[in-house]
Amino acid sequence: MVEPDDPPRKEGPPPPCPICGKPAVPAFRPFCSGRCADVDLQRWLSGRYAIPTGEQGPGDDDPEA
Ligand SMILES: [Zn+2]
């Protein structure tokens, strides 16, 4: 009789980089590189904050008023 000693289950293969699909690197999880992490950060920021394009709505804020 062998006791089913639960072996320490490893988390299997790490999920691929959500940006490019390459294997993720622990240092940059869940990304494969700092560049992909930066890409995701930019996406996140652009989704959360409006990108300052320098354009303002017409008549929205007229400094000469
Ligand atoms: Zn990547």
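Along the sequence, the residues that donate atoms to the zinc ion follow the spacing C-x2-C-x11-C-x3-C, where donors are N, O and S atoms within 2.8 Å of the metal (3.2 Å for Na, K and Ca), and where sites may look incomplete since water is not among the atoms. Cys-20 sits in the segment before α1 (34–48), whereas Cys-36 belongs to helix α1 itself, so this pair ties together parts that are 16 residues apart in sequence; helices (H or I, at least four residues) are DSSP runs, numbered from the N terminus.

This is a predicted model, in which local features need pLDDT of at least 70 and side-chain atom pairs count only at pLDDT 80 or more, while totals for chains, interfaces and linings use all residues. Residues are numbered from 1 along each chain as its sequence is written, and side-chain values use heavy atoms, leaving out hydrogens and water.

The zinc ion is held at 2.3 Å by the SG atoms of Cys-17, Cys-20, Cys-32 and Cys-36. Because the 4 donor atoms subtend angles of 98 to 120° around the zinc ion, their arrangement is tetrahedral, a word used for four donors if all angles lie between 85 and 135 degrees. Under the rule that a disulfide is a pair of cysteine sulfur atoms within 2.5 Å, the count is 0 disulfides.

Cys-32, at 15% relative accessibility, is buried, and Cys-36, at 8%, is buried too, whereas Cys-20, at 38%, is partly exposed; buried means under 20% relative accessible area, exposed over 50%, and partly exposed in between (1.4 Å probe, protein chains only).

Helix α1 also contains Val-39, which is partly exposed at 29% relative accessible area. The C-alpha atoms of Val-39 and Ile-19 are separated by 7.6 Å, although these residues are 20 residues apart along the chain.

Technical notes
Tetrahedral: all angles 85-135°; square planar, octahedral: opposite > 155°, others 65-115°. Helix = DSSP H or I, 4+ residues; strand = E, 2+ residues; numbered from the N terminus.
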